[in-house]
Structures are given as structure tokens and as C-alpha cells.
Amino acid sequence: MNVLLKKPWILDRQLSELNAELVAEGFRDYAARQVFQWVYFKNSQDVNSWSNIAKANRQKLAGLYDWELRPVLDRQDDGHGTRKLLIGLADGQKIETVLIPEKDHYTFCLSSQAGCPLACAFCATGAMGFRRNLTCGEIVTQVLSLRKELGAYAGKLNLVFMGMGEPLLNYANLARALRLICAADGLNISPRHVTVSTAGILENLKNLEADFPQVKIAFSLNASDPQLRAELMPIARKERLEDLLAHLRGHKRRQRITFEYVLLAGINDSPAQARQLAKLIQGIPSKVNLIPYNATPRLPFRRPTEVAVESFRAILLEKGLTVVTRWSKGEGIRSACGQLAVFGGSS
Ligand code: SF4
């Protein structure tokens with residue numbers, strides 16, 4: 001709920017909630033579904049143009065809710081199709097969201113919080129500090145704005161919660177947004193095309209798996225030695241790696257886990273660390289995404305050489321793991337993995 005707005009925001013409403021409110025206002029019980037079709041299927045915010053709704057009802061609807069997407073304040077393109085949007089929220093906070101072209105689809109990289117409280121040592125968002133959780137609508141507005149960027153494109157979309165914030169620390173709003181994203185009468189995106197990336201918040205990981213069993217999980221691992229991991233990711237002092245791995249090993253799921261491993265030169269990229277990583281995740285149906293570090297001002301880390309990245313990868317392959325090296329796109333516009341931050345931009 002946006003406290004500064006007088007009218008409730010339509011993107012914060014589930015279909016059943018909207019239906020109850022509209023019926024109480026005297027609308028027929030199919031009105032909410034008509035509204036959802038315009039908002040989510042047609043991505044239209046212009047209530048006056050909704051031709052299958054009577055004019056008097058359109059005027060009434062216009063006065064009941066805030067229908068607007070949150071404004072795109074800035075747009076940066078890396079020249080190869082990766083585009084970063086800066087979105088302004090009603091209370092002056094700002095968030096970033098990224099469109100990434102792939103071979104046969106587009107990926108939307110979404111934010112779940114303004115800033116992040118977890119302060120991972122290598123992450124620009126973590127360095128920015130925590131402002132607040134995003135509402136359901138503030139998550140969904142990113143998807144609708146990114147869809148507008150694509151015009152008439154109607155092909156496959158992949159949604160990844162890998163932007164600003166730790167999604168599982170904002171589980172209630174994430175779950176509401178996922179319902180709108182995946183519902184047939186909402187954005188109708190298959191949960192199999194949605195990935196939630198987490199630093200490891202075990203209780204809400206279990207909730208996510210129970211509520212959305214088809215959503216893919218990416219686990220931000222980054223170090224196989226618990227002490228080094230706790231230095232890089234302070235949350236690891238609270239959420240123990242062995243408990244998380246025991247859960248990942250024991251819980252039956254349809255999709256493989258993705259282990260994300262940001263490679264930092266001289267910190268976690270040695271051959272011994274590659275062997276330790278392989279041993280740690282042995283037996284968990286998974287793939288490993290190696291992400292050579294994307295340099296960020298003010299942070300003291302360096303990207304390993306291509307040779308070091310390749311030899312780390314070769315050791316994992318030799319141990320029978322599935323490995324993908326992700327040379328991030330959008331580095332030039334600071335939209336690559338771990339680079340999203342709105343320094344000094346928020347109130
Ligand atoms: S890597 Fe993810 S969890 Fe860690 S500080 Fe950055 S946004 Fe937060």
C-alpha cells in the first residue's frame with residue numbers, strides 16, 4: 001500500500017480483492033475480470049479507452065483507483081539491447097530494473113527491495129544500504145514497464161529476481177506479485193519461467209517452495225568455505241550454509257537448483273576452491289553459474305583473468321557438474337549482476 005496516495009493502487013490488488021471491492025461499489029461480478037484484462041493482458045492504464053465497459057462505469061472506475069505505472073525516470077541502453085530503467089516510486093525512492101535480450105527470449109531482471117539490508121561485500125546494492133521493501137504493485141510495475149519497452153513482442157519472457165534486494169526478506173509482497181505474474185488472468189507467465197535468487201533465507205525458501213513449487217531457485221553461494229562466505233555475505237553468520245545445503249539436498253523439486261558463484265580474483269577463484277565447491281554440492285541436482293565479477297566503484301574486488309575463470313570451470317566440469325559462465329551483459333551501463341545501485345538518488 002502506498003501511504004502517500006489517496007486512492008488504492010490497482011497493481012496492489014489481487015483479482016479476488018478487486019472483485020469484492022467492485023461488487024461492493026455496485027459493479028457486476030465480471031467487472032474485475034474485465035479490468036484485469038485491460039491492465040495485465042493489454043497493459044493499458046487509460047481507463048477512458050476501455051471500450052467494453054460502459055462510459056458511466058469507466059468514469060466511476062477512474063475515480064476509485066490509481067491506474068498509473070510508476071514513472072520511468074531514466075533509461076540507459078548499452079548499445080546491444082540491454083536496457084536499464086530507473087523507476088520513481090510514490091514516496092521518492094528509486095529502483096532499477098533491467099531488460100536483457102537473449103537468443104530466443106527476453107529476460108527481465110527485477111528488484112524486490114529499494115536497496116538491500118544484506119550488505120554482501122562485493123555488491124553495489126548492498127553498499128547502498130536498505131531503504132525499504134517494495135510493495136506487490138512496485139514489483140509488478142517493473143514487469144509492465146519492461147513489457148512496454150518491447151512493444152508488440154509476444155514471445156517468451158524469463159523473469160529473474162536478481163535485481164536490487166533479497167526477495168525472500170520481502171516474502172509477503174513477493175508472493176502477492178508472483179500470483180499476479182503467474183495467474184492466467186494476470187500476466188500469465190509460467191512459473192517455470194520465473195527464478196527467485198536468494199542469499200539463503202531458509203524459512204522463506206521453504207514457504208516459496210510450498211507456495212510456488214514450479215518457480216526456479218537460484219542460490220547465491222560465492223564461497224564453499226563457511227568462514228570466507230560469512231566474510232563476503234554477512235547473512236551467512238545467521239543462516240548456516242550446512243543447514244541450507246542439507247535442505248537443498250533433502251527437498252525434492254522438479255527444477256534443478258542454480259548455484260551462483262561470483263568469481264573474485266584472489267579471493268574465491270583458486271583451483272583448490274573449485275574442488276571444494278564441487279565436493280560441497282555433489283549430489284544436489286543443480287547447475288553452477290560462474291559470474292566473473294563486474295567491477296564496481298568503491299568496492300575493492302577485481303575480476304579474475306579469462307584463464308583463471310576457464311581453469312575454475314574446467315575443474316567443475318571434470319567433477320561432473322553442469323557449468324555455465326555468465327559474462328554479464330550491460331556492464332557498461334552498470335546493469336550487470338551485482339551492479340545495481342541508486343547512489344544518493346533516493347529521499
Ligand atoms: S548480492 Fe543480493 S543479497 Fe547480497 S547485498 Fe546484493 S542484492 Fe543484497
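In the predicted model, the ligand is surrounded by Cys116, Leu118, Ala119, Cys120, Cys123, Gly126 and Gly165. Sorted by class, this shell comprises five nonpolar residues and two polar ones, with no charged residue.

The protein chain that provides this shell is divided into two domains, domain 1 spanning residues 10–64 and domain 2 spanning residues 72–333. Taken over C-alpha atoms, the centres of domain 1 and domain 2 are separated by 34 Å. Twelve residues from domain 1 and 14 residues from domain 2 take part in the contact.

The size of an interface is often given as the accessible area lost when the parts come together. For domain 1 and domain 2, the area buried between them is about 1,200 Å², and carbon and sulfur atoms account for 49% of it. On the side of domain 1, the residues that lose the most area to domain 2 are Leu11, Gln14 and Tyr40, which together make up 49% of what that side buries.

Nine residue pairs are in polar contact between domain 1 and domain 2, with both residues of each pair at pLDDT 80 or more. Two helices, α1 (15–24) and α2 (31–41), each supply at least two residues of the side of domain 1 that touches domain 2. Of these, α2 gives the largest share of that side, with four residues. By class, the side of domain 1 that touches domain 2 contains five nonpolar, three polar and four charged residues.

Salt bridges between domain 1 and domain 2 number two. A salt bridge joins the side chains of Arg33 and Asp185, with an N to O distance of 2.9 Å.

In the structure as a whole, 14 salt bridges are found. One of them is formed by the side chains of Arg132 and Asp91, at 2.7 Å from N to O. This pair links distant parts of the chain, the two residues being 41 apart. Arg132 is in strand β6 (residues 130–133), while Asp91 is in the loop between β2 (83–88) and β3 (94–101).

Note on methods:
Residues are numbered from 1 along each chain as its sequence is written. This is a predicted model: local features need pLDDT of at least 70, side-chain atom pairs count only at pLDDT 80 or more; totals for chains, interfaces and linings use all residues. Side-chain values use heavy atoms; hydrogens and water are left out. Domain bounds come from an automatic or database domain assignment. Contact means heavy atoms within 4.5 Å. Buried area is the accessible area (1.4 Å probe) that two parts lose on being put together, summed over both. A salt bridge is a side-chain nitrogen of Lys or Arg within 4 Å of a carboxyl oxygen of Asp or Glu. A polar contact is a pair of N or O atoms within 3.5 Å; within protein, one must be able to donate a hydrogen and the other to accept it, and residues adjacent in sequence count only if both atoms are side-chain atoms. Ala, Val, Leu, Ile, Met, Phe, Trp, Tyr, Cys and Pro count as nonpolar, Asp, Glu, Lys and Arg as charged, and the others, Gly among them, as polar. A residue is near a molecule or strand if one of its heavy atoms lies within 4 Å of it.
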